[in-house]
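Hi everyone, thanks for making time. Let me put the structure up, and then we'll walk through a few charged residues together.

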Amino acid sequence: MLFRAALLALACLVAACAAPLPVRYYQLPATASRQPAPAGRPGQPLIGLGPLLLPDYLDRPGIVTRVTATRLSIDQSHRWAEPLAESLSRALQENLTRLLDTESVLLFPWPTSRPVALRMPVAILGCEAGPDGAVRLEARWSVAAGDGTTLLAERRSSLRVVPETPDREAQVAAMGEALARLAGEMAAALKPWLKD
């Protein structure tokens, strides 16, 4: 009994002396290149981006990675600096702004004083590094008329980006690149309804 008590006291002492792991915070980058606008192009219609839906398993501070097809790992020492849905929305907005060379992309909920001509709801189905280290981004999205009554296009995107190195920072950068590619697909789908 005395031996067990001594072991317990030793374990508590070791736990108290152990330094906590430092927490690192990350934000998704917008990496799309700005496209030059044709000279004299008239103003673009307002585009409403969102709402953006995120699965519950991704909606947490710790960065999620997929260990197997059925098992996930949540890294509490590497966290998002803001809610992931907000980071995804902001990076998508910035990428679309650059690709379309416009300041007319508004995030949901957009002000009622600025009615949008087109809206683009997005459902993120997955956005994490897999067992092979590659980042996979799966998303379903659509283009609809501003009042939401007419569906103009509906798409599913499946993107894969291999990080340059196996660390978390490179993984987040690869997620940013996947978002830029998603924005590229979205911008291409929007172009038939934008003025030249």
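Predicted model: local features only at pLDDT ≥ 70, side-chain atom pairs only at ≥ 80, totals over all residues.

Residues are numbered from 1 along each chain as its sequence is written, and side-chain values use heavy atoms, with hydrogens and water left out.

Let's start with glycine 130. Its relative accessible area is 13%, so glycine 130 is buried. Contact here means heavy atoms within 4.5 Å. Setting aside neighbours within four places in sequence, glycine 130 is in contact with Arg66 and Arg136.

That brings us to the salt bridges, each a side-chain nitrogen of Lys or Arg within 4 Å of a carboxyl oxygen of Asp or Glu. How many does the structure hold? There are eight salt bridges. In one of them, arginine 136 meets aspartate 132 at 3.0 Å, N to O. Arginine 136 is partly exposed at 33%, and aspartate 132 is partly exposed at 45%. Asp132, Arg136 and Arg160 are linked in a salt-bridge network.

Now for another pair: aspartate 75 and arginine 168 join their side chains in a salt bridge of 3.2 Å, N to O. Both aspartate 75 and arginine 168 are buried, with arginine 168 at 18% relative accessibility. Beyond its neighbours within four places in sequence, arginine 168 has contacts including Tyr26, Ile63 and His78.

Conventions. Buried < 20%, exposed > 50% of the residue type's maximum accessible area, 1.4 Å probe, protein only.
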